[in-house]
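Subject: Handover of a structure

Dear colleague,

Please find the structure below, together with its sequence. A written account of the findings follows, and I would be grateful if you read the two side by side.

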Amino acid sequence: DSRRDFAWVMAVALALTAINAARPVTVDDPAYLRQAAWWAAHPADPLGGEVFLHGSLAPAPTSASAPVAIGWLALGTAVGGTHEAWLKWWLLPFAWLFAWALHDLLRRAAPALAKPLLAAALLSPWLLPSFGFMLEVPMLALSLAALALFARGAPGHPWRAAVAAGVLAGLALQTKYTAAPVLVALLAWGVFAG
């Protein structure tokens with residue numbers, strides 16, 4: 001059963017990544033790509049250069065993104081270049097982590113519906129436009145993984161689960177500030193779980 005679950009999670013993550021790779025670069029994607037290219041070329045000076053801000057270029061410190069997703073894109077740029085399709089496939093680990101964490105949480109809440117709900121959520125019109133090179137999917141992946149790991153480990157090893165969840169929540173917060181509610185959720189879960 002766990003092999004089938006893994007295969008399903010991987011299939012949905014691959015489908016999400018393939019659809020994302022076929023989409024054009026839009027919205028804020030060019031700004032993130034520009035920042036990642038700068039980081040790849042100048043790893044000792046991540047706040048140098050310029051970023052897109054409201055349709056024009058501005059010094060990087062005025063609108064620098066949090067480091068996790070941009071750093072991952074910069075690593076992808078350094079490894080395989082700036083081709084957009086390559087960099088979108090480079091995001092597969094975030095798609096997989098998102099799929100794994102959501103599937104794990106759905107199995108707890110609605111075991112019989114976990115697989116179809118996972119496919120519906122990851123291949124939905126609200127998520128696909130948010131992927132691209134935007135920060136939302138990596139942030140959600142790390143946030144949900146923090147919740148899933150905390151839920152898995154809370155009964156048996158609460159401190160290990162709390163530390164792992166805290167690290168992932170911290171990485172989520174260093175991906176995008178909108179991850180802050182996951183810290184509240186983890187704290188509330190810990191309090192209610194004892």
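Helices (H or I, at least four residues) and strands (E, at least two) are taken as DSSP runs and numbered from the N terminus. The model is a predicted one, in which local features need pLDDT of at least 70 and side-chain atom pairs count only at pLDDT 80 or more, while totals for chains, interfaces and linings use all residues. Residues are numbered from 1 along each chain as its sequence is written, and side-chain values use heavy atoms, with hydrogens and water left out.

Overall form

The protein has 9 helices and 2 strands. Read from the N terminus, its elements follow the order α-α-β-β-α-α-α-α-α-α-α. Along the principal axes, the C-alpha atoms fill a box of roughly 50 × 35 × 30 Å. The radius of gyration, taken over C-alpha atoms, can be set against a globule rule of 2.2 Å times the number of residues to the power 0.38. For 194 residues a compact globule would have a value near 16 Å, and the 18 Å of the protein agrees with this.

Of the 194 residues, 41% are buried; here buried means under 20% relative accessible area, exposed over 50%, and partly exposed in between, with a 1.4 Å probe and protein chains only. A contact means heavy atoms within 4.5 Å. Among contacts between residues at least 6 apart in sequence, 65% join residues at least 24 apart.

The aromatic residues

The search of the whole structure gave 5 aromatic pairs. Rings of Phe, Tyr and Trp (its six-membered ring) pair if their centres lie within 6.5 Å; planes under 30 degrees apart count as stacked, over 60 as edge-to-face and the rest as tilted. One of the pairs is Trp72 with Trp90, which is stacked, at 4.6 Å centre to centre and with 20° between the planes. Trp72 belongs to helix α3 and Trp90 to helix α4 (residues 84-90), so this pair ties together parts that are 18 residues apart in sequence. Trp90 is buried, at 16% relative accessibility, whereas Trp72 is partly exposed, at 26%.

Trp90 also pairs with Trp86: the ring centres are 5.4 Å apart and the planes are at 45°, so this pair is tilted. Both residues lie in helix α4, 4 residues apart, which is about one turn of the helix. Trp86 is partly exposed, with a relative accessible area of 30%. Ring pairs join Trp72, Trp86, Trp90 and Phe94 into a cluster.

The packing of α2 and α3

Helix α3 (residues 67-80) also packs with helix α2 (residues 29-41), at an angle of about 65° and with the axes 8 Å apart. The axes are lines fitted to C-alpha atoms, for helices over the stretch in contact, and angles run from 0 to 180 degrees between N-to-C directions. On the α2 side the contact is made by Tyr32, Gln35, Ala36, Ala37, Trp39 and Ala40, and on the α3 side by Pro67, Ile70, Gly71, Leu73, Ala74, Thr77 and Ala78. These residues divide into 10 nonpolar, 3 polar and no charged, where Ala, Val, Leu, Ile, Met, Phe, Trp, Tyr, Cys and Pro count as nonpolar, Asp, Glu, Lys and Arg as charged, and the others, Gly among them, as polar.

Thr77 of helix α3 is buried, with a relative accessible area of 12%. Leaving aside neighbours within four places in sequence, Thr77 is in contact with Ala37, Ala40, Thr82 and Leu87.

Individual positions

Ser143 lies in helix α7 (residues 136-153) and is buried, at 8% relative accessible area. Beyond four places in sequence, Ser143 touches Ala172, Ala179 and Val182. The C-alpha atoms of Ser143 and Val182 are 6.1 Å apart, although 39 residues separate the two along the chain.

Leu128 is placed in the loop between α6 (114-122) and α7, and is buried at 15% relative accessibility. Among the residues that Leu128 touches is Arg23, which lies 105 residues away in sequence and 9.3 Å away from C-alpha to C-alpha.

Val27, in the loop between α1 (2-22) and α2, is exposed, with a relative accessible area of 64%. Phi of Val27 is near 50°, a positive value in a residue other than glycine.

Yours sincerely
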